[in-house]
Amino acid sequence: MSKGALVYIIFLLVFKVSDFMVDDPTFKPYKELFERDSGVKVPELLTITFSSSTKFAGSCKFLPYVIQINPRIWYNYDTIQRLGLVYHELSHCTCFRLKHNDKLLEDGCQASIMHSKLNNSKCLKKHWKKYIAEFCLDKR
Ligand SMILES: [Zn+2]
């Protein structure tokens, strides 16, 4: 086996091919809105892509540095649900909010954009300003 082939095999073992992802242009406007609302710059290295391999609506990984959005869920979401999902994952990945906040408000809506089940369109619309006012606060 040539040295080049060996290096290539090691490379594939260390960095699985499936982990190399290209930023999907679908998410560019969401990144821009997040930067405007949070005052936090989305790192150039962070990739956002569609992936059916995630069993969640979305996930944030650090090695490689990627947000994966489940396309089956994405296409069933309305605009505010999509925005909520991307903001939630960007909060994990850029503001390092690693824990969820599963508290509920008196009306039954999620208390934070960091709730683990953030998919209620009605609640997102009702409390969007509150969510935005609070998220990534320590990073501003
Ligand atoms: Zn989460």
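Reader: Let's zoom in on one spot first. Which residue of β3 stands opposite phenylalanine 62?
Author: A quick heads-up: this is a predicted model, where local features need pLDDT of at least 70, side-chain atom pairs count only at pLDDT 80 or more, and totals for chains, interfaces and linings use all residues. Residues are numbered from 1 along each chain as its sequence is written. Strand β2 covers residues 58–62 and strand β3 covers residues 65–69. Phenylalanine 62 of the protein faces, in β3, tyrosine 65.

Reader: And how many bridges hold β2 and β3 as a pair?
Author: The two strands form a hairpin, with two residues between them. β2 and β3 pair (DSSP finds at least two bridges between them). Their pairing is antiparallel, and the number of bridges is five.

Reader: Zooming out, in what order do the strands of the sheet lie?
Author: The sheet is open, has three strands and shows mixed pairing. At its edges are β1 (47–50) and β2, each pairing on one side only. Neighbouring strands are turned by 20° against each other on average, direction ignored. Across the sheet, the order reads β1-β3-β2.

Reader: Which helix packs on that sheet?
Author: Look for a helix that touches both β2 and β3. Its direction makes about 20° with that of β2. The helix is α4.

Reader: Is valine 86 buried or exposed?
Author: Valine 86 belongs to helix α4. A residue is buried if 20 or more other C-beta atoms lie within 10 Å of its own, exposed at 12 or fewer, and partly exposed in between. Of the 140 residues, 27% count as buried. Valine 86 has 22 other C-beta atoms within 10 Å, so it is buried.

Reader: Which residues is valine 86 in contact with, leaving aside neighbours within four places in sequence?
Author: Contact means that two C-beta atoms, placed from the backbone, lie within 7 Å. Phenylalanine 27 is 59 residues away along the chain, yet its C-alpha atom is 8.2 Å from that of valine 86. Leaving those sequence neighbours out, valine 86 touches Phe27, Tyr30 and Phe34.

Reader: At what angle do α2 and α4 pack?
Author: Helix α2 spans residues 28–38, and its axis lies 10 Å from that of α4. Tyr30, Leu33 and Phe34 of α2 meet Leu83, Val86, Tyr87 and Leu90 of α4. Axes are lines fitted to C-alpha atoms, for helices over the stretch in contact, with angles from 0 to 180 degrees between N-to-C directions. For α2 and α4 the angle is about 65°.

Reader: What share of the contacts with a separation of 6 or more joins residues 24 or more positions apart?
Author: Take the contacts in the protein whose partners have a separation of 6 or more. Residues 24 or more positions apart account for 50%.

How values were computed:
Helix = DSSP H or I, 4+ residues; strand = E, 2+ residues; numbered from the N terminus.
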